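This report describes a single protein chain. The sequence and structure come first, followed by the description.

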Amino acid sequence: KEIRAESIQFKSVAFRPNSVKKELSTTRFVRAAHKNHSKSRSETEIDKLINIYFSTHEYITRLEFQQVCRFTKGTANRRLTEMVKAGKLKKEGLDRFPIYVPVPGNYKK
């Protein structure tokens with residue numbers, strides 16, 4: 001019989017905070033080398049990265065832009081919106097799944 005998420009039920013959950021507290025009291029924590037923040041980039045740096053990207057691609061998605069520039073999702077959305085308002089990119093496609101294409105005269109197009 002195939003198990004589905006809807007068919008799984010819990011009778012009770014046993015949580016013992018004292019045991020967790022005891023474990024954490026002896027745990028050694030180390031500061032992470034990588035921070036989950038957007039990389040700080042100037043407009044010129046972003047333009048260079050996007051120029052390179054558009055030399056081999058017709059359009060860019062928010063996720064691709066986020067990966068190319070090493071931004072978080074929020075920063076990528078904000079920067080793409082700024083680039084559309086500045087007339088560098090044009091937003092096409094569906095509202096939920098947009099793609100961004102360079103406006104003629106920008107990014108070697």
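## Basis

The model is predicted: local features need pLDDT of at least 70, side-chain atom pairs count only at pLDDT 80 or more, and totals for chains, interfaces and linings use all residues. Residues are numbered from 1 along each chain as its sequence is written, and side-chain values use heavy atoms, with hydrogens and water left out.

## Overall form

Four helices and two strands make up the secondary structure, in the order α-α-α-α-β-β along the sequence. These are DSSP runs numbered from the N terminus (helices H or I, at least four residues; strands E, at least two). The radius of gyration, taken over C-alpha atoms, is 23 Å, well over the 13 Å from the globule rule for 109 residues, so the chain is more spread out than a compact globule. That rule is 2.2 Å times the number of residues to the power 0.38.

Of the 109 residues, 19% are buried, meaning under 20% relative accessible area with a 1.4 Å probe, protein chains only.

## Nonpolar core

A nonpolar core is a set of buried Ala, Val, Leu, Ile, Met, Phe, Trp, Tyr and Cys residues joined through side-chain atoms within 4.5 Å. The largest has 14 residues, of which I46, I50, F54, I60, F65, M83 and L89 touch the most other members. Two or more residues come from each of α2 (43–54), α3 (62–69) and α4 (73–85); α2 gives the most, four.

## Aromatic pairs

Rings of Phe, Tyr and Trp (its six-membered ring) pair if their centres lie within 6.5 Å; planes under 30 degrees apart are stacked, over 60 edge-to-face, the rest tilted. There are two aromatic pairs by this rule. Y53 and F54 are edge-to-face, at 6.0 Å and 75°, and both are buried. F65 and F71 have centres 5.8 Å apart and planes at 55°, so this pair is tilted; both residues are buried.

Note on methods. Buried means under 20% relative accessible area, exposed over 50%, partly exposed in between (1.4 Å probe, protein chains only).
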